[in-house]
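Ready for some practice with pockets and ligands? Take a look at the model below, then work through the exercises one step at a time.

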Amino acid sequence: MNDCIFCKIAAGEIPGNKVYEDDQVVAFYDLNPAAKVHLLVIPREHIANMMEINAANSAVVAHIFEVIAKLAKELKLEKGFRVVSNCNAYAGQSVFHLHFHVLGGEQLSLTMC
Ligand code: AMP
């Protein structure tokens, strides 16, 4: 999608502090971290949010969770971490490209993300 900032990060058109990428998924550090470790994991394909997940595109969501498990181990988050996806502005979504916040690296409060 032309004016989507996360599409541009996935395509390498604007810089992102990437920790992982493959043909389907990109993970990078959030610009405004809400925890000591705060990653965003996104599909390369533009999906606006969880309301747009369907039978045709849900495989990438399963893959995202495999990537999250791998990164959680690599970043030593085994003690505990949180995955959040805000869906629509009413829930606080500000970037309309599906993304999963991964928060960890410290004791988390219930208000983070
Ligand atoms: P949400 O509010 O759930 O849509 O989350 C969007 C997240 O994207 C926020 O936590 C922002 O800090 C983060 N964000 C926005 N632009 C960038 C960027 N260029 N690089 C990294 N994170 C970003």
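Before starting, here is how residues are sorted into classes: Ala, Val, Leu, Ile, Met, Phe, Trp, Tyr, Cys and Pro count as nonpolar, Asp, Glu, Lys and Arg count as charged, and the others, Gly among them, count as polar. Keep in mind that this is a predicted model.

**Exercise 1.** Which atoms of aspartate 30, asparagine 86 and serine 94 lie by an oxygen atom of the ligand: side-chain or backbone?

*Solution.* 
Step 1: Begin with aspartate 30. An N or O atom of its side chain is 2.5 Å from a ligand oxygen.
Step 2: Move on to asparagine 86. Here a polar side-chain atom lies 2.8 Å from an oxygen atom of the ligand.
Step 3: Finish with serine 94. This time a backbone N or O atom is involved, 2.7 Å from a ligand oxygen.
Step 4: Now see how well the ligand is covered. Taken alone, the ligand exposes 500 Å², and the protein buries 84% of that.

**Exercise 2.** Find where the ligand sits, and describe that place.

*Solution.* 
Step 1: Locate the ligand. It sits in the largest pocket.
Step 2: Examine the lining. It has 23 residues, and Phe6, Asp30, Leu31, Asn32 and Leu40 lie nearest the centre of the pocket.
Step 3: Trace the lining to its elements. Helix H1 (5-11), strand S2 (25-29) and strand S3 (37-43) each supply at least two residues, and H1 gives the most, with three.
Step 4: Sort the lining by class. Twelve residues are nonpolar, ten are polar and one is charged.

**Exercise 3.** What is the volume of the second largest pocket, and which residues line it?

*Solution.* 
Step 1: State the volume, which is about 170 Å³.
Step 2: List the lining: Lys76, Leu77, Lys79, Gly80, Phe81, Gly105, Glu106, Gln107 and Leu108.
Step 3: Apply the class rule. The lining divides into three nonpolar, three polar and three charged residues.

How values were computed: Residues numbered from 1 in each chain as written. Predicted model: local features only at pLDDT ≥ 70, side-chain atom pairs only at ≥ 80, totals over all residues. Heavy atoms only, no water. 1 Å grid on protein atoms, 1.4 Å probe; cavity = no way out; pocket = protein on both sides within 12 Å on 5 of 7 lines; lining within 4 Å. Helix = DSSP H or I, 4+ residues; strand = E, 2+ residues; numbered from the N terminus. Points joined across faces, edges and corners; volume = space filled by probe spheres on them. Polar contact = N/O pair within 3.5 Å; in protein donor to acceptor, adjacent residues only side chain to side chain. Areas by Shrake-Rupley, 256 points an atom, 1.4 Å probe, with all protein chains shown as cover. Sits in = over half its atoms within 2 Å of the grid points.
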